[in-house]
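Subject: Structure for your files

Hello,

Here is the structure I said I would send.

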Amino acid sequence: MLTFLLKKLPSVVVVAIASSLIAFILPRMAPGDPAVALAGSDASPEQLAAVREQIGLNGPLHEQYFHWMWNLLHGDLGRSFAMRRPVSTLIMSRLESTVELAALALMLMIIIGFTLGILSATLRHQSARAGLDILNTICLATPPFLTGLLLILLLGIAFPILPVSGEIGLLRDPLKGLQFLILPAFALALPQAAVVARLLTTAINSVRGEDFIDLAKAKGVPPGRLMRRHLLRNSLGPAIVAIGLRAGELLGGAIVIEAIFARNGLGQLAVSSVQNRDYLVLQALILGAVLVAVLIQLLSEITIAALDPRIRLES
Amino acid sequence: MAAPQSKLIHRHWFNPSIAGYMQAFTTTRGIVALTVIILISALAFLAPFIFPLGYDIQSRESLRAPSLVHFFGTDELGRDLFVRSIYGLRSDLTLVYCAVPVSMVAGTLLGLIGAVSPRLGNFVQRCLDIIVGFPGLILGICVVLVLGAGWTALLVAIVISGLPSFGRLARATLLAQQQREYVIAARTLGVGKWQIMVRHILPNAIDPIIVQGAVFVVSAIFIEAALSIVGLGLQPPEPSLGTLLNNGMRYVSRAPTYVLGPTVILILVALAFSMLADALNDTVNRK
């Protein structure tokens with residue numbers, strides 16, 4: 001396992017450096033000068049220079065980049081020049097909201113995806129399978145924000161069961177927090193769960209044709225155990241890869257979901273930073289998002305390697 | 001079997017047997033899809049004639065419930081939401097009808113570029129892979145970051161996010177057809193690379209790309225909506241379905257139709273274009 005991880009390390013480092021470069025350059029391609037925005041349009045050149053000096057935007061680009069990286073490696077993300085607070089404070093204050101949303105969505109995605117996938121691979125009735133298939137297609141085609149809007153209209157307005165706007169931290173009040181969290185997480189998870197379900201169904205159906213399944217049946221393995229130990233274990237690969245890849249989509253979708261459900265998370269921070277051209281906040285957020293996506297993907301690869309000795313030993 | 005096959009291959013690119021595609025509109029699904037699309041497009045693009053007063057007429061009746069005068073009620077400034085939704089649909093359809101064809105043509109050419117230079121083709125594919133690596137909205141946000149929110153950013157965001165799917169379809173056709181006898185024969189006869197690409201490979205790529213075009217219209221409308229909902233789409237007072245949703249979320253408990261109206265229109269458009277894609281797909285597969 002350790003050699004497997006070590007082999008993966010270089011590609012992770014390359015991706016991290018590449019994404020840090022992108023995170024650094026992209027905000028700087030934007031039109032408009034943040035120094036002008038801060039000092040006002042009638043500021044004198046000296047004032048502008050002073051403001052630039054203050055927010056660290058003077059000097060050539062490569063110097064700025066290395067300065068940023070150096071501070072980054074020492075745990076200093078710099079200061080937001082629009083909100084005049086350290087970037088790390090800003091991010092930490094929003095982190096809980098987004099982590100709760102993403103974590104619950106990830107859990108729901110796995111639970112719903114696996115339930116739907118296994119169900120539609122095992123149901124005997126043709127019509128029930130067809131029904132599940134249609135449900136799956138609808139979920140697959142509906143983006144999170146649309147599911148979110150429909151859920152709000154249905155469960156928040158027509159039948160006011162759950163709160164649809166705002167949030168309460170899970171740590172402060174777990175029960176109330178969960179009420180605020182369940183709809184956005186569900187909306188975020190549903191389309192991705194449909195992907196997982198579809199891949200799992202396909203995989204199970206193709207594994208079912210293998211000889212070792214016939215052997216197990218002939219040995220008299222009961223259906224439940226056959227599913228768990230023989231079918232599912234050998235069909236998990238594609239679903240786990242999908243979960244790893246879909247985690248990035250989850251982060252992207254979280255931005256819209258936060259806007260719809262009026263949650264004050266990192267997505268909202270990113271949007272306001274785009275509007276304010278707040279370089280340092282954006283840099284940190286872009287880099288963070290890419291790194292999290294890479295780590296989750298790595299985690300899914302580790303899971304597959306743990307499940308399948310062939311992959312582990314090959315490398 | 002042999003006859004239609006050769007007909008398909010030798011079809012010239014600017015004469016893609018339109019009669020073939022018209023077959024899609026003889027099925028129920030195709031007829032329904034086409035009717036809905038024509039109706040909503042007509043309603044949207046004729047909006048300045050149907051509602052000549054425009055979308056920005058304010059009144060004191062703010063956040064009213066739906067009535068015979070205001071089908072969707074009114075917004076926080078007393079503007080009629082039905083009129084705003086139709087004008088919003090007009091913005092969306094304008095965006096989509098401009099951006100999707102550009103994305104189709106550009107993506108297809110990028111995918112086929114490998115016919116002229118295999119190296120360049122591989123390079124282009126790697127670039128398209130990078131685009132795929134940016135999950136949905138994040139690509140759009142990066143575009144808005146560079147270009148500033150507005151029409152241009154939305155157009156560019158939609159065009160770019162469509163490139164990979166069109167490029168891959170075109171490349172798949174290219175790789176499949178490149179080794180076929182007739183292409184080798186053409187090359188042996190000294191036909192130029194560009195001509196092979198345009199006359200022999202492109203006609204084979206057109207069918208799947210047209211289907212994907214209809215599919216992508218739905219994604220394009222969703223991209224607009226998602227970007228506008230977070231506040232990075234069209235800027236007020238210009239309406240789009242997404243900006244209406246963005247504003248409406250603030251008043252959702254007092255005036256649910258503020259959100260419901262644009263949502264229903266959004267779903268209607270998405271369904272119509274999905275059905276169109278299905279109908280086209282059936283026809284293409286039958287050919």
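In chain B, an unreviewed UniProt entry places the feature "domain: ABC transmembrane type-1" at residues 89-277. Please keep in mind that this is a predicted model. Over residues 89-277 of chain B the chain is 81% helix and 0% strand, and 20 Å separates the end C-alpha atoms.

The UniProt record (unreviewed entry) also gives "transmembrane region" for chain B at residues 31-55, 94-117, 137-163, 209-235 and 255-277. I looked at two of these spans. Residues 31-55 of chain B are 76% helix and 0% strand, with end C-alpha atoms 31 Å apart. Residues 137-163 of chain B are 89% helix and 0% strand, and there the end C-alpha atoms lie 15 Å apart.

As a whole, chain B has twelve helices and zero strands. Its C-alpha trace spans about 75 × 45 × 30 Å along the principal axes. Of the 287 residues in chain B, 46% are buried. Among the contacts in chain B with a separation of 6 or more, 70% are between residues 24 or more positions apart.

The unreviewed UniProt entry for chain A has the annotation "domain: ABC transmembrane type-1" over residues 95-300. That span of chain A is 84% helix and 0% strand, and its end C-alpha atoms lie 23 Å apart. For "transmembrane region", UniProt (unreviewed entry) lists residues 12-30, 101-123, 135-161, 181-200, 235-261 and 281-307 of chain A. Residues 181-200 of chain A are 100% helix and 0% strand, with 27 Å between the end C-alpha atoms. Residues 281-307 of chain A are likewise 100% helix and 0% strand, with the end C-alpha atoms 39 Å apart.

The secondary structure of chain A consists of 13 helices and two strands. Along the principal axes, the C-alpha atoms of chain A fill a box of roughly 85 × 55 × 35 Å. Buried residues account for 36% of the 315 residues in chain A. Of the chain A contacts with a separation of 6 or more, 72% come from residues 24 or more positions apart.

One helix pair in chain A was examined. Helix α5 (residues 87-122) and helix α8 (residues 174-207) of chain A pack at an angle of about 35°, and their axes are 6 Å apart. The crossing of α5(A) with α8(A) is right-handed. By class, the residues in the contact of α5(A) with α8(A) are 21 nonpolar, six polar and one charged.

Now to where the chains meet. How many residues does each chain bring to the contact? Chain B gives 27 residues and chain A gives 25 residues. On the side of chain B that touches chain A, α7, α10 and α12 (257-286) of chain B each supply at least two residues. The largest share of that side, eight residues, comes from α7(B). Sorted by class, the side of chain B that touches chain A has 21 nonpolar, six polar and no charged residues.

Helix α7 of chain B therefore got a separate look, given that nine of its twelve residues are buried and it is largely enclosed by the rest of the structure. The helix covers residues 136-147 of chain B and reaches 18 Å from its first C-alpha to its last, close to the 16 Å expected at 1.5 Å a residue. Which residues of α7(B) are buried? They are B:G136, B:L137, B:I138, B:G140, B:I141, B:C142, B:V143, B:V144 and B:L145. The cover over the buried residues of α7(B) comes from both chains: it includes α1 (2-28), α10 (223-260) and α11 (266-276) of chain A, as well as α8 (151-178) and α10 (193-229) of chain B. After α7(B) comes B:G148, which has a positive phi, near 85°.

Is B:L260 buried or exposed? B:L260 counts as buried, because it has 21 C-beta neighbours inside 10 Å and the cut-off for a buried residue is 20 or more. The C-alpha atoms of B:L260 and B:N247 are separated by 12 Å, the two residues being 13 apart along the chain.

Regards

Definitions and conventions
Residues numbered from 1 in each chain as written. Chains lettered and ligands numbered in written order. Predicted model: local features only at pLDDT ≥ 70, side-chain atom pairs only at ≥ 80, totals over all residues. Helix = DSSP H or I, 4+ residues; strand = E, 2+ residues; numbered from the N terminus. Expected span 1.5 Å × (residues − 1). Contact = placed C-beta atoms within 7 Å. Nonpolar A, V, L, I, M, F, W, Y, C, P; charged D, E, K, R; others polar. UniProt positions renumbered as here; feature names shortened; annotations may be inferred. Axes fitted to C-alpha atoms, helices over the stretch in contact; angles between N-to-C directions. Left-handed = near helix turned anticlockwise from the far one by under 90°.
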